[in-house]
Amino acid sequence: MILFDNVSKLYPTQNQAALESLTLEIEKGEFVFLVGPSGSGKSTFLRMTLREEKPTAGRIRVAGKDLHRLSNWKVPHLRRRIGTVFQDFRLLPNKTVFENIAFALQVIGKPRRQINRDVPAVLELVGLDGKEDRLPDQLSGGEQQRVAVARAFVNRPLILLADEPTGNLDPGTSVGIMKLLDRINRTGTTVVMATHDQSIVDQMRKRVIELEHGKLVRDQSRGVYGYTR
Ligand SMILES: Nc1ncnc2c1ncn2[C@@H]1O[C@H](COP(=O)(O)OP(=O)(O)OP(=O)(O)O)[C@@H](O)[C@H]1O
């Protein structure tokens, strides 16, 4: 589902590469934690999977597409197949919960009938039915992240990329978000999550990929967080 073949990335202003000769494959349906110290290249990996950044060297394949050969006009089609969740939720502040999720479907041209069917279903999945008319600032942080997860998942993406999704949440709330990501993964969606959250990684026992200075230093199935900062 995601293949990095000898990928290096040197940002224009850098003298040390953000990723260096990275080779790894993530299969359809896997749940993978990306760990490593700050600056080790986790977000760069996620951005390159979305083709927000291009490699300096090497090849990337995502959902059957060679990103090197993908023309720019096809990039939005690729991104439709990938849901994203971030630490800071990134909800539209002036739209209700319902509208935030519906918007993700409107921009890709889904008919109103489908929106009125799919949004309530995904709100139920994330445990927010009854709160569809609230604005984001009328929700707790955990609830806002549930909206963000619902928005990322409503279009049933092949892949869900999460960049420190529990970074702003307390431990109990984080566990709730992880249960949700686990449930989404069980529907067949491949989940890749960059995180510094040791207790979550240690509890979930999923595949752990560790980066250090842009290099792969560990790839462990049913792994633990492992490194100390
Ligand atoms: N747009 C950019 N331009 C220049 N350098 C960048 C850019 N984005 C990231 N970097 C550098 O690339 C390296 C990897 O950064 P990246 O954000 O991928 O790390 P990370 O593992 O996600 O860190 P964190 O855990 O703090 O989020 C760092 O040295 C960072 O300073």
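This is a predicted model: local features need pLDDT of at least 70, side-chain atom pairs count only at pLDDT 80 or more; totals for chains, interfaces and linings use all residues.

A: Two residues are in contact here if their C-beta atoms, placed from the backbone, lie within 7 Å, and the helices are DSSP runs (H or I, at least four residues) numbered from the N terminus. Residues are numbered from 1 along each chain as its sequence is written. The protein has a mean pLDDT of 96, with 99% of its residues at 70 or more, and the predictor assigns the complex an ipTM of 0.97 and a pTM of 0.96.

We can begin with helix H5, residues 141-153, and helix H6, residues 171-186, whose axes (lines fitted to C-alpha atoms over the stretch in contact, with angles from 0 to 180 degrees between N-to-C directions) come within 10 Å and cross at roughly 15°. H5 is therefore roughly parallel to H6, a term for angles under 35 degrees, whereas those over 145 are roughly antiparallel, 65 to 115 roughly perpendicular and the rest oblique. On the H5 side, Gly141, Gly142, Gln145, Arg146, Val149 and Phe153 take part, and they meet Thr173, Gly176, Ile177, Leu180 and Ile184 of H6. By class, this contact of H5 with H6 holds five nonpolar, five polar and one charged residues (Ala, Val, Leu, Ile, Met, Phe, Trp, Tyr, Cys and Pro being nonpolar, Asp, Glu, Lys and Arg charged, and the others, Gly among them, polar).

H5 also packs against helix H3, residues 97-106, for the axes of H3 and H5 come within 8 Å and cross at roughly 25°, which means that H3 and H5 are roughly parallel to each other. Here H3 passes H5 in a right-handed crossing, with Val97, Asn100, Ile101 and Ala104 of H3 in contact with Val147, Ala150 and Arg151 of H5. That contact is made up of five nonpolar, one polar and one charged residues.

H3 in turn packs with helix H4, residues 112-125, at an angle of about 130°, the axes lying 10 Å apart, and therefore H3 is oblique to H4. The crossing of H3 past H4 is right-handed. Phe98, Ile101, Ala102, Leu105 and Gln106 of H3 meet Gln114, Ile115, Asp118, Val119 and Val122 of H4, and the residues of this contact divide into seven nonpolar, two polar and one charged.

Technical notes:
pLDDT is the predictor's confidence in each residue, from 0 to 100. Helices (H or I, at least four residues) and strands (E, at least two) are DSSP runs, numbered from the N terminus. A crossing is left-handed if the near helix is turned anticlockwise from the far one by less than a right angle, and right-handed if clockwise.
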